[in-house]
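Here is a friendly note to read with the model open beside you. Take the points in order and try to find each residue on screen as you go.

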Amino acid sequence: MTTARLGAAPDVSGVADLWQRVTTAQPAPDRTTVLVVGAAVLVALLVPGLWHLLRHGLTIVHEAAHAAVAVLVGRRLSGIRVHSDTSGLTVSRGKPRGPGMVATVAAGYPGPALLGVAAAWLLSRGYALGVLWLLLVVVVLVLLQIRNWYGLWAVLISAAVLVGVTGWAPAGAQTVVAAGITWFLLLGAPRAVLEMQTQRARLARRGGRDTSDAGLLAGLTHLPAVVWVAILLLVCLAALAAGGAWLLAAWPGA
């Protein structure tokens, strides 16, 4: 009798162990620690040198939001670029006008804010490691679409930091890092919108062409660019209010 050796069943124990870790609540720092982390992030956003460095992370999420919505509305994604001046570019193919294009362009600035809200919601339930893995998934998906060397370097550095924290940092440190990144997304999103408006005003004084997201949205709709700036800022501030409330409610009192 001839017996055929079938392929061994895949070992799912590693996946199950990872899933258990991601879905297990982490030890929570006290509210004072969370407030101190938030204050430190706020200071970092106000220091020009630190903001420029950290802004790359916000740009990665910003471009990821453009790309995600482009795919959801049926556009064909061509690639993502992240530049040394912290600007970015997501290229997609499809109809040059219409609701899908408007949604794609409008998604960028609210993207980090909405991701921050999702992270705050997870943290409010104790899933700090889940937050870090969510961020890592976003970074890896961007990595698959990066089309320039500087962007590749920026995304790889971000991925390496997240892998290091998720793989080797103690649980308490993971929770603090997750809270810090969440604060950064929530606070950095409106900061980026204000920066866009400042750059628009500077460009207008020089008579340059407005190629910002607000300027592109103005060209796609009947609303002026300044109205789009206000809309994007309000969305980011609303996300900050909601995410901040969840984040502060996540931890017991000091």
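1. **The overall picture.** Please keep in mind that this is a predicted model. The protein has 10 helices and 2 strands. The C-alpha trace spans about 80 × 60 × 30 Å along its principal axes.

2. The protein has 254 residues, and 42% of them count as buried. Among contacts with a separation of 6 or more, 75% are made by residues 24 or more positions apart.

3. **The largest nonpolar core.** Which residues touch the most other members of this core? They are Val-41, Leu-123, Val-131, Val-142, Trp-183, Val-193 and Met-196, out of 59 residues in the core. Helix α8 gives the largest share, 11 residues.

4. **Helix α3 against helix α5.** Find α3 at residues 48-72 and α5 at residues 110-124; their axes are 7 Å apart and the packing angle is about 100°. Angles of 65 to 115 degrees count as roughly perpendicular, so α3 is roughly perpendicular to α5. On the α3 side, Leu-58, Val-61, His-62 and Ala-65 make the contact, and they meet Gly-111, Pro-112 and Leu-115 of α5. Sorted by class, this contact of α3 with α5 has 5 nonpolar residues, 2 polar ones and no charged ones.

5. **Helix α3 against helix α4.** The axes of α3 and α4 are also given as 7 Å apart, with an angle of about 160°. Because an angle over 145 degrees counts as roughly antiparallel, these two helices are roughly antiparallel to each other. Their crossing is right-handed. His-66, Val-69 and Ala-70 of α3 make the contact with Ala-103, Thr-104 and Val-105 of α4. By class, the contact of α3 with α4 has 4 nonpolar, 2 polar and no charged residues.

6. **Helix α4 against helix α9.** Now look at α4 (residues 99-106) beside α9 (residues 213-220): the axes come within 9 Å and cross at roughly 165°. That angle makes α4 roughly antiparallel to α9. Is the crossing of α4 and α9 left-handed or right-handed? This crossing is left-handed. The residues that meet are Met-101, Val-102, Val-105 and Ala-106 from α4, and Asp-213, Leu-216, Leu-217 and Leu-220 from α9. The contact of α4 with α9 has 7 nonpolar residues, no polar ones and 1 charged one.

7. Thr-104 sits in helix α4. Is Thr-104 buried or exposed? Its relative accessibility is 7%, so Thr-104 counts as buried. Apart from residues up to four places away in sequence, Thr-104 touches His-66, Val-69, Ala-70, Val-73, Arg-75 and Ser-92. Of these, His-66, Val-69 and Ala-70 were named in point 5 as the α3 side of the contact with α4.

8. **Thr-86, a backbone to check.** Most residues other than glycine have a negative phi. Thr-86 is not a glycine, yet its phi is positive, at about 75°. You will find Thr-86 in the loop between β1 (76-82) and β2 (88-93). With a relative accessible area of 9%, Thr-86 is buried.

9. Asn-148 belongs to the loop between α6 (128-143) and α7 (149-168). Its relative accessibility is 12%, which means that Asn-148 counts as buried. Which residues does Asn-148 contact, leaving aside its neighbours within four places in sequence? They are Ile-80, Arg-81, Val-82 and His-83. Arg-81 lies 67 residues from Asn-148 along the chain, and their C-alpha atoms are separated by 5.7 Å.

10. Arg counts as charged, and Arg-200 is in helix α8, at residues 171-206. Because its relative accessibility is 17%, Arg-200 counts as buried. Beyond residues up to four places away in sequence, Arg-200 touches Asp-210, Ser-212, Ala-214, Ala-225, Val-226 and Val-229. The C-alpha atoms of Arg-200 and Thr-211 are 8.7 Å apart, and these two residues are 11 residues apart along the chain.

Note on methods
Residues are numbered from 1 along each chain as its sequence is written. This is a predicted model: local features need pLDDT of at least 70, side-chain atom pairs count only at pLDDT 80 or more; totals for chains, interfaces and linings use all residues. Side-chain values use heavy atoms; hydrogens and water are left out. Helices (H or I, at least four residues) and strands (E, at least two) are DSSP runs, numbered from the N terminus. Buried means under 20% relative accessible area, exposed over 50%, partly exposed in between (1.4 Å probe, protein chains only). Contact means heavy atoms within 4.5 Å. Axes are lines fitted to C-alpha atoms, for helices over the stretch in contact, and angles run from 0 to 180 degrees between N-to-C directions. Angles under 35 degrees count as roughly parallel, over 145 as roughly antiparallel, 65 to 115 as roughly perpendicular and the rest as oblique. A crossing is left-handed if the near helix is turned anticlockwise from the far one by less than a right angle, and right-handed if clockwise. A nonpolar core is a set of buried Ala, Val, Leu, Ile, Met, Phe, Trp, Tyr and Cys residues joined through side-chain atoms within 4.5 Å.
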